[in-house]
Amino acid sequence: MEEFEVSDASKKTKTIYISTIFSITLVLLMLGMLGLILVHAKNLSNYVKENIVLNIILDEGAKEADVLQFQKELNANPAIKNTQYVNKEVAAKNLTQDLGEDFVNFLGYNPLLSTVDVYLKADYANNKSIDALKAQIGQSPVVKEVIYQSSLIDMVNQNINTISLIILGFAVILLVISIALINNTIRLAIYSQRFLIKSMQLVGATKSFIRKPFVLVAALHGLISAIIAVILLLGILYYAQKQIPEIIILKNYTEFGFVLIFLVAVGIFITAICTALAVNKYLRLKIYDLYR
């Protein structure tokens, strides 16, 4: 009979431990995904800004050698990340592919002009810097016109700032919720062992002696949960990269490693602290309060 009771209690304890690990893993997984978004927000912002195109329309009479020299000067500018020269023949070919018909044969001539597409560095992707660059570029004799959408630049910068604040606020809220969920999960797990805690105290065990094994087991559960969350996070990112190859642009191994270390630290620290607090609660309770 005693063996049956011990076996039944052991099974219940294992079930509680498994459910605790599962719950903490899910919380850490969500926290890890948001953490990756948060630390890569700057990279994402730079990626968007550096894909804004400044179109330089070249003069029709400009010589090829002069254009190439002009492009070389642009590439040397500290505000410019890279440039792409598109001559009128290539431009016509690209437009023909977009339209699905040869407009040059229909018109009898090619009305397009050669252009240089300029991609700016993220720090210079604002209207003030672009206006100064536009004035400088416009002085070149090979340039006919410089075109960019100032309203688009403003909208991109405003939206990026707004989204960054929303993500930061959401991260703080989720961190608080995560701590609360982990704390409640651990309190429920410790609640099932409140009689064991009180029994150990009644036979003369010190509070630190009683608390230590619970904290160590909780820290181990936190570590296991963090490792599982990291594995799941890697799997999700691997799948996402297969579906969206461009996501590799946002990859930064240093920042990614920081998020993984953060998950492990949070898993161990929060579970250990919450367990210590929960155990202390039952150590302070009177025997008759355990049945409430």
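The second largest pocket of this predicted model holds about 200 Å³ of space, where a pocket, on a 1 Å grid over the protein atoms alone, is an open set of points where a 1.4 Å probe fits, with protein on both sides within 12 Å along at least five of seven lines, and the volume is the space filled by probe spheres set on points joined across faces, edges and corners. Its lining, meaning residues with an atom within 4 Å of a point, consists of L31, L34, G35, L38, V39, A171, V172, L175, F258, V259 and F262. The elements that give two or more residues to this lining are tabulated here.

| Element | Residues |
|---|---|
| α1 | 2–39 |
| α7 | 150–191 |
| α10 | 253–284 |

Among these, α1 gives the most, with five residues. By class, the lining has ten nonpolar, one polar and no charged residues; Ala, Val, Leu, Ile, Met, Phe, Trp, Tyr, Cys and Pro count as nonpolar, Asp, Glu, Lys and Arg as charged, and the others, Gly among them, as polar.

Helix α10 also carries T271, which is buried, with a relative accessible area of 1%, buried meaning under 20% relative accessible area with a 1.4 Å probe and protein chains only. Leaving aside residues up to four places away in sequence, T271 touches I24, I182, I186, A218, A219, G222 and V266, a contact being heavy atoms within 4.5 Å.

Two packed helices are described by the angle between their axes and the distance between the axes. For helix α8 (residues 194–202) and helix α9 (residues 207–243), the axes come within 9 Å and cross at roughly 150°; axes are lines fitted to C-alpha atoms over the stretch in contact, with angles running from 0 to 180 degrees between N-to-C directions. The crossing of α8 past α9 is right-handed, that is, the near helix is turned clockwise from the far one by less than a right angle. On the α8 side L196, I197, M200 and Q201 meet K207, F209, I210 and F214 of α9, and this contact comprises six nonpolar, one polar and one charged residues.

Overall, the protein has ten helices and four strands, these being DSSP runs of H or I with at least four residues and of E with at least two, numbered from the N terminus. Along the sequence they follow the pattern α-α-β-α-β-α-α-β-α-β-α-α-α-α. Of the 292 residues, 36% are buried, and residues 24 or more positions apart account for 81% of the contacts with a separation of 6 or more.

Residues are numbered from 1 along each chain as its sequence is written, and side-chain values use heavy atoms, with hydrogens and water left out. Because the model is predicted, local features need pLDDT of at least 70 and side-chain atom pairs count only at pLDDT 80 or more, whereas totals for chains, interfaces and linings use all residues.

How values were computed
Buried < 20%, exposed > 50% of the residue type's maximum accessible area, 1.4 Å probe, protein only.
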